[in-house]
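Here is a friendly note to read with the structure open beside you. Take the points one at a time and find each residue as you go.

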Amino acid sequence: MALEIAKVEAILRGFAILLLVSTACLVGLDSQTKFVIFYEKEVTYRDLRALLVLVCVDAGAAAYNLLQLISRWFLSAWISKGNLKGSYRFLSWGCCLLDQLAAYITFAVHSAALEHSVLVITGAEVFQWMKWCNRFTRFCFQIGGALTCGYTASVLMAMISFISAFNLFRLYSPKIFLRLKGT
């Protein structure tokens with residue numbers, strides 16, 4: 001059963017990496033130039049601070065998942081040889097907490113980017129923010145696609161976090177609180 005869970009976790013991490021990298025690339029490489037009242041205006045992700053943070057966080061989360069994927073592969077080789085005995089519990093705690101942190105941060109950043117994007121679509125006359133999507137439609141559609149990929153990656157990372165929690169808490173006894181099985 002543990003081997004199947006490890007395979008599912010590896011597949012989920014692989015898809016999360018692909019989606020996070022595609023989100024970062026879609027947002028980071030998106031720009032559009034239009035002639036607006038006497039000058040050319042170029043819109044990029046740097047114009048919206050939430051999108052700048054989104055690119056950085058998605059690149060970091062993809063790197064984290066890649067490192068976890070590689071470390072799990074090496075860790076499974078060490079465990080099969082018997083080199084890693086007592087510290088597996090601490091590694092499980094660390095992986096579980098880092099997986100939850102990565103899932104929460106990516107979801108929060110995608111939500112902030114979505115909120116900022118809604119303000120770009122609707123505008124806010126009180127703050128004198130103009131609507132961009134009626135002028136820069138391709139930019140807005142590409143950001144919308146990137147946010148869809150990002151939210152899908154956030155859901156996959158939440159599922160990875162559930163698997164990490166399962167892998168952690170199956171080490172403990174169901175009858176005695178925080179007592180390891182076999183002790």
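**Notes on the structure**

1. Let's begin with a pair of charges: the side chains of Arg13 and Glu9 form a salt bridge, with N to O at 3.0 Å. The term stands for a side-chain nitrogen of Lys or Arg within 4 Å of a carboxyl oxygen of Asp or Glu. Arg13 and Glu9 are about one helical turn from each other, because they sit four residues apart in helix 1. Helices here are DSSP runs of H or I with at least four residues, strands are runs of E with at least two, and both are numbered from the N terminus.

2. A word on the model before going further. It is a predicted one, where local features need pLDDT of at least 70 and side-chain atom pairs count only at pLDDT 80 or more, while totals for chains, interfaces and linings use all residues. Residues are numbered from 1 along each chain as its sequence is written, and side-chain values use heavy atoms, with hydrogens and water left out.

3. Are Arg13 and Glu9 buried or exposed? Both are buried. Buried means under 20% relative accessible area, exposed means over 50%, and partly exposed is in between (1.4 Å probe, protein chains only). For Glu9 the relative accessible area is 4%. Setting aside residues up to four places away in sequence, Glu9 touches Arg72, Ile160, Ile163, Ser164 and Asn167; contact means heavy atoms within 4.5 Å.

4. Arg13 has another partner: its side chain also meets that of Asp99 in a salt bridge of 2.8 Å, N to O. Arg13 lies in helix 1 and Asp99 in helix 3 (residues 88-122), so this pair ties together parts that are 86 residues apart in sequence. Arg13 and Asp99 are both buried.

5. How many salt bridges does the structure hold? There are three. One of them joins the side chains of Arg138 and Asp30, at 3.6 Å, N to O. Arg138 belongs to helix 4 (residues 137-169) and Asp30 to the loop between helix 1 and strand 1, so the pair links parts that are 108 residues apart in sequence. Arg138 counts as partly exposed, at 41% relative accessibility, whereas Asp30 counts as buried, at 1%. Through shared partners, salt bridges join Glu9, Arg13 and Asp99 into one network.

6. Next, look at strand 1 (residues 31-36), where Gln32 is found. Gln32 is buried, with a relative accessible area of 9%. Its C-alpha is 5.6 Å from that of Glu42, ten residues away in sequence. Leaving aside neighbours within four places in sequence, the contacts of Gln32 include Glu42, Arg135 and Arg138.

7. Now for the surface. Leu66, Ile70, Trp73 and Phe74 make a nonpolar patch of about 440 Å². Patch residues have over 30% relative accessible area and no salt bridge; like charges are joined within 9 Å, and nonpolar side chains (Val, Leu, Ile, Met, Phe, Trp, Tyr) within 5 Å. Areas come from the Shrake-Rupley method with a 1.4 Å probe, and for residues only the protein chains shown count as cover. Leu66, in helix 2 (residues 49-81), is partly exposed at 41%.

8. Finally, the record: an unreviewed UniProt entry places the feature "transmembrane region" at residues 12-29, 49-67 and 151-172. UniProt positions follow the numbering used here, feature names are shortened, and annotations may be inferred rather than shown by experiment. In the model, residues 49-67 are 100% helix and 0% strand, with end C-alpha atoms 27 Å apart. Residues 151-172 are 86% helix and 0% strand, with end C-alpha atoms 32 Å apart.
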